[in-house]
Amino acid sequence: MRDIEDYEQNYMIHGFEDYQVAYRRKKVLETLKEYPHRRILEIGCGMEPLFKYLDHEDYERYIVVEPGKEFYQNAMCLSAKNEKVNCINDYFAASEELKSGELDFIICSGLLHEVEDPIGLLENIVHICNKDTIVHINVPNANSFHRLLAKEMGFVDNVFEMSERNVLLQQHEVYDKKKFCNVVEAAGFKVIETGSYFLKPFTHKQMFEMLENHIIDENVLNGLYNITKYFPEYGSEIFVNAGIRESNI
């Protein structure tokens, strides 16, 4: 069982993850524009729930399930005047409330690699999907440019090695695209689209130090997000947009 309070405290330390969150969010928001999303579920919102960045008229119901007390309380404060948002302070489970929600779009962002039973989590998500539900899932990429560079420099033996940051945040797995898609499909989903985003040349610590010392700025970061189209396999994170297989309906 994860120490969720320890995770919250380590996650909220100011650093490059603040920027990574922004580009992760950018990809999710871009994906939302491509699919119907009147009824949305976000599983694990951290300090930046996605409803904060959506037009109030763009959805009719938004559910957040968040086990961390500080993350949950922050989401509650942000949604205090928004009757469309319902925040639940608990670990995700396929409850009757969620099963009857007729959800259009489910967000599982930056979470799958942090749970002990990823297929179990995904199977629970399958149980609350209908034939039209789209599920967006993203995780760090084993083939991120910075991991490949570390391997070629001899710092690691392979790109799946757990980094100090992986251990600090109690993460359990590092996925490449093949392993990621296999887990998603094993749970009962069909992969509709997959890709990567934000080319990160160096570690979080190194990237943050370059920003702090004005060696690079956010214009460079925006370029690194956009340049992934030339290097589609090597972004820092990979995503899947999935729907459930007909046999699971």
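What share of the contacts in the protein chain with a separation of 6 or more comes from residues 24 or more positions apart? The share is 73%. The model is predicted. Its protein chain holds 10 helices and seven strands. Of the 249 residues, 51% are buried.

Start inside. In soluble globular proteins, nonpolar side chains tend to be buried together. Here the largest nonpolar core has 33 residues. Within that core, L41, I125 and F189 touch the most other members.

Look next at I125. Leaving aside residues up to four places away in sequence, I125 touches I43, F92, I106, C108, V135 and F189. A second core stands separate, with 18 residues. Its members include V28, L50, F105 and I107.

Now turn to a helix pair. Helix 2 (residues 17–32) and helix 10 (residues 218–226) have axes that come within 12 Å and cross at roughly 45 degrees. Helix 2 is therefore oblique to helix 10. Their crossing is right-handed. On the helix 2 side, the contact is made by Y19, Y23, K26, K27 and E30. Helix 10 supplies E218, L221, N222 and Y225. By class, the residues of this contact divide into four nonpolar, one polar and four charged.

Methods: Residues are numbered from 1 along each chain as its sequence is written. This is a predicted model: local features need pLDDT of at least 70, side-chain atom pairs count only at pLDDT 80 or more; totals for chains, interfaces and linings use all residues. Side-chain values use heavy atoms; hydrogens and water are left out. Axes are lines fitted to C-alpha atoms, for helices over the stretch in contact, and angles run from 0 to 180 degrees between N-to-C directions. Helices (H or I, at least four residues) and strands (E, at least two) are DSSP runs, numbered from the N terminus. Angles under 35 degrees count as roughly parallel, over 145 as roughly antiparallel, 65 to 115 as roughly perpendicular and the rest as oblique. A crossing is left-handed if the near helix is turned anticlockwise from the far one by less than a right angle, and right-handed if clockwise. Contact means heavy atoms within 4.5 Å. Ala, Val, Leu, Ile, Met, Phe, Trp, Tyr, Cys and Pro count as nonpolar, Asp, Glu, Lys and Arg as charged, and the others, Gly among them, as polar. A nonpolar core is a set of buried Ala, Val, Leu, Ile, Met, Phe, Trp, Tyr and Cys residues joined through side-chain atoms within 4.5 Å. Buried means under 20% relative accessible area, exposed over 50%, partly exposed in between (1.4 Å probe, protein chains only).
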